[in-house]
Amino acid sequence: MAKVPLLSGSVDPASPSKQKQKTSNMMRRYRRCKSAPPKENITVEKNRGGLSSLVPQNILQKLHPSLRQVTVALAMYLGLGTLCFYLVRKQVKGHKTNGVIDAVYFCIVTMTTVGYGDLVPNSVATKLLACAFVFSGMALVGMILSKAADYLVEKQELLFVKAVNIRRQVGASEIDKELETHRRKYKFLMVTIVLVILIVVGTIFLFEFEKLDLVDSFYCVCSTITTLGYGDKSFSTQGGRIFAIFWILASTIFVAQFFLYMAEMNTEKRQQSLAKWVLTRQMTSVDLEAADLDDDGVVSAAEFVVFKLKEMGKISQEDIALVLEEFDGLDVDQSGTLTASDILLAQSSSRGS
């Protein structure tokens, strides 16, 4: 994913020549975005309002490699878990409906650590089996959080930005720039919207099909998505457990993503405050001495940039020392500058040694 400035708008707009070069390189920069769809699936077109935008086509035609990996892992987990728990179904006590559905349902509540208690292991073998599946299930949920949910949310970012800017003329480069600048905010908003929808759908389903009252339905939804799972309220019908297989998996993942993105936004806000302080405070003679990396009494533009990045916490003194060490190794003639001949000479010296 392309890096963006901590302080948007702190740099003067590009000159016309630079802007022209920026426009010509727009598609290349867009491909570097983490959430960008494949190049062949992007077209630039104008809709009825004259809005130029990037339109992803056939998004689901080919699954992203990360999503394929997660899907295969989830299918293997559920397949093996369903088979195992189906074979030992007589050693599991609790309210039962259909053998296969109960086995899949038990896998889901185990993997997400919801654990209602409506189905519990009742033998040594099933207890050991549940222990194995809960640990492997937690690892799988972590894998889903880092890949699948992130991928699905980011696929909606383009549509979200287009909807926000639908009333004004926004080109593809502006959409790309806005995505890069406000990526965490859009991801947080998308996850919040999806999570609210899941909560409403779950509450309505429990109210209509499981015949719980409205408060108990909402209570069961909250205890489920937070993986609290008291067990006093749960999905008890066959249809309810079929719904729960998909709903529990989705809702627990999105509530975890919600808190993850909230933490990321808070961290980004603190980083922006630090960057603002670093860029607005006045330099002192002590700062200039610290910025003079080569101790020649003069601070160059490059040295000043490195000093500011160090203050912002973007790089450390160890990073600077390692880079300078590599530079000294390539600067064979000790001129303080690098040329192609210096690099070739350094490479030939290393091969000779």
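Helices are DSSP runs of H or I with at least four residues, strands are E runs of at least two, and both are numbered from the N terminus. This is a predicted model, where local features need pLDDT of at least 70 and side-chain atom pairs count only at pLDDT 80 or more, while totals for chains, interfaces and linings use all residues. Residues are numbered from 1 along each chain as its sequence is written, and side-chain values use heavy atoms, with hydrogens and water left out.

**The patch.** Show Leu83, Tyr86, Leu87 and Val100; together they make about 380 Å² of nonpolar surface. Patch members have over 30% relative accessible area and no salt bridge; nonpolar side chains (Val, Leu, Ile, Met, Phe, Trp, Tyr) are joined within 5 Å, like charges within 9 Å. Areas come from the Shrake-Rupley method with a 1.4 Å probe, and for residues only the protein chains shown count as cover. Valine 100 belongs to helix H4 (residues 99–111). Its relative accessible area is 44%, so valine 100 is partly exposed; buried means under 20%, exposed over 50%, and partly exposed in between.

**The core.** Go inside next. The largest nonpolar core has 45 residues; Phe85, Tyr105, Met111, Tyr116, Phe235, Trp247 and Ile248 have the most contacts inside it. H10 supplies the largest share, eleven residues. Such a core is a set of buried Ala, Val, Leu, Ile, Met, Phe, Trp, Tyr and Cys residues joined through side-chain atoms within 4.5 Å.

**Arginine 241.** Which residues are linked with Arg241 in a network of salt bridges? Select Asp102 and Asp118. A salt bridge puts a side-chain nitrogen of Lys or Arg within 4 Å of a carboxyl oxygen of Asp or Glu. Arginine 241 meets aspartate 102 at 2.8 Å, N to O. Arginine 241 is in helix H10 and aspartate 102 in helix H4, so this pair ties together parts 139 residues apart in sequence. For aspartate 118 and arginine 241, the closest N and O atoms are 3.3 Å apart. Aspartate 118 is buried, at 11% relative accessibility; arginine 241 is buried too, at 0%.

**Helix H9.** Finish at residues 214–225, the twelve residues of H9. At the N-terminal end, aspartate 213 caps the helix, with a side-chain oxygen 3.2 Å from the backbone nitrogen of valine 215. Within H9, aspartate 216 forms a salt bridge with lysine 233, the closest N and O atoms being 3.5 Å apart. After H9 comes threonine 227, with a positive phi near 60 degrees.

Definitions and conventions: Buried means under 20% relative accessible area, exposed over 50%, partly exposed in between (1.4 Å probe, protein chains only). The expected span of a helix is 1.5 Å times one less than its number of residues. A polar contact is a pair of N or O atoms within 3.5 Å; within protein, one must be able to donate a hydrogen and the other to accept it, and residues adjacent in sequence count only if both atoms are side-chain atoms.
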